[in-house]
Amino acid sequence: MVEGYGVSIKTIDAFRVWDSRGRPTIEVRVETTSGAVGSAIAPAGASTGSGEAVDLRDGGERFGGYDVLNAIAAIYEILAPRLIGVDEQDQHAIDAAIEGLDGAANFATIGGNAAVATSMATAHVAAAVHELPLWLYLRGGKDDNVTLPVPEVQIFGGGAHADGQMDLQDFMVVPFGAKNFAEALEWVAEIYRAAGAQLKKNNKSYGVADEGGYWPSFSSNDQAIEALLQAIEVAGFDPRKSVGISLDIAANQFFRGDCYRLSKGEKNLSPDAWFDCLTGWLQQYPILMIEDPFEEHDLERHARLQSAFGHQMQIVGDDLLVTNSANVAQAVEAKACNTLLCKPNQAGTLTRARLAAERAYSADWDVILSARSGETEDVTICHLAVGWGIKQFKVGSFARSERMAKWNEVLRIERSLGSKARYAGRDVFAKFLSF
Ligand code: PGA
Ligand code: ZN
């Protein structure tokens with residue numbers, strides 16, 4: 001442990017813990033001179049965009065090369081000496097110091113994992129000094145006009161999270177019509193159960209994908225979309241009026257060379273043929289949200305899709321934007337989509353993530369705060385969503401404790417607000433609901 005003598009951050013401790021894929025990750029624990037403690041754990045993605053903050057991994061044989069001892073050493077040797085003594089309330093200064101100490105735009109020196117865990121842990125300790133939950137601290141202690149985010153929940157998983165069994169990565173539900181967050185989760189629980197029951201009834205075998213969704217062997221992407229719609233309807237909901245469907249295409253994952261290689265149907269589609277395939281789905285099915293429909297460099301086709309469908313649905317940039325405010329600005333200019341998927345560890349620091357969200361809001365886009373496929377019990381993102389006023393929240397499926405920890409934390413926040421709690425629900429999607 002590194003000890004300091006400043007009046008603010010007194011010690012920074014960092015150590016290896018394990019994530020939901022059984023891989024090493026970093027927990028950072030910050031203590032102030034007043035004895036307040038804050039800690040946070042870095043998550044990790046599997047389907048990453050090329051410009052995002054990169055995790056520093058040790059390489060070599062141990063733990064498949066995923067060990068984080070070098071990133072932990074960077075916290076002790078590079079970050080701690082500079083941050084000890086700094087005012088823990090000054091997130092901007094802390095994050096600027098982290099960015100400056102790394103020096104690389106993608107945090108290649110100290111690692112995005114070291115950066116984000118340290119940034120989040122200092123936010124927690126600042127809240128702890130005020131004896132406030134982080135979400136309330138981020139709102140300056142004010143609990144009026146707080147909105148609880150609409151969950152976006154994976155039912156079927158595919159892509160990089162399910163060994164490429166399905167081309168598309170996430171088949172999700174969005175319970176926008178619920179009266180509050182608690183009811184939204186009740187609806188999801190029924191849909192998740194109905195989806196499992198349907199698979200059993202149809203004798204479909206399945207595994208469980210990285211984020212907890214079922215991972216069945218559908219014979220086509222269409223069949224998976226239809227099974228999703230069926231689960232919503234069997235559970236008693238209307239995909240046009242109460243529970244929308246959302247697809248994370250994660251198109252980077254199956255774009256090779258100059259075409260989209262779909263394992264379902266063993267088709268190689270040119271970008272134009274893929275565009276037609278996608279628009280066919282958007283015309284045929286009541287899809288409310290679509291994420292990363294094209295590979296991240298194809299701004300032009302993103303813009304064509306946005307122009308044809310952006311008035312009726314959210315077109316979400318994840319790998320396209322990598323939570324980078326400059327990428328958001330470029331995509332706003334190109335009219336390439338209308339919603340940012342905001343992942344703090346893609347940005348590397350909370351300040352950078354918030355900047356990307358603010359850039360999106362300033363263009364009248366929507367924003368979704370998102371976890372990663374590699375997660376832990378850390379619930380920081382729940383507090384960021386509520387504290388920053390972000391109205392949508394994506395953390396994977398409705399199974400596995402690293403996912404349920406997040407849903408349950410938002411339930412706790414909703415409960416603590418009592419009658420002051422407002423569910424973002426229909427307000428977010430009102431502009432699309434004529435579809
Ligand atoms: P990742 O996937 O965390 O593996 O990047 C999540 C997503 O693409 O939304
Ligand atoms: Zn994605």
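At what angle do the axes of helix α2 (residues 91–102) and helix α11 (residues 350–362) cross? They cross at roughly 105°, and the axes come within 8 Å. Helices here are DSSP runs of H or I with at least four residues, numbered from the N terminus. Axes are lines fitted to C-alpha atoms over the stretch in contact, with angles between N-to-C directions running from 0 to 180 degrees. Helices α2 and α11 are therefore roughly perpendicular to each other, a label given to angles of 65 to 115 degrees.

This is a predicted model, in which local features need pLDDT of at least 70, side-chain atom pairs count only at pLDDT 80 or more, and totals for chains, interfaces and linings use all residues. Residues are numbered from 1 along each chain as its sequence is written, chains are lettered from A and ligands numbered from 1 in the order in which they are written, and side-chain values use heavy atoms, without hydrogens and water.

On the α2 side, Q91, H92, D95 and E99 meet L350, T351 and R352 of α11, where contact means heavy atoms within 4.5 Å. The residues of this contact divide into one nonpolar, three polar and three charged.

A second pair is helix α5 (residues 181–201) and helix α13 (residues 401–417), which pack at an angle of about 150° with axes 9 Å apart. That makes α5 roughly antiparallel to α13, the term for angles over 145 degrees. Residues F181, A182 and L185 of α5 touch W407, V410, L411 and E414 of α13. By class, six residues of this contact are nonpolar, none is polar and one is charged.

Around ligand 1 there are 14 residues, of which A46, Q169, R372, S373 and K394 come nearest. A backbone N or O atom of A46 lies 2.6 Å from an oxygen atom of ligand 1. An N or O atom in the R372 side chain is 2.7 Å from a ligand 1 oxygen atom, and for a polar side-chain atom of D248 the distance to an oxygen atom of ligand 1 is 3.1 Å.

Technical notes. Helix = DSSP H or I, 4+ residues; strand = E, 2+ residues; numbered from the N terminus. Parallel < 35°, antiparallel > 145°, perpendicular 65-115°, else oblique. Nonpolar A, V, L, I, M, F, W, Y, C, P; charged D, E, K, R; others polar. Near = heavy atom within 4 Å. Polar contact = N/O pair within 3.5 Å; in protein donor to acceptor, adjacent residues only side chain to side chain.
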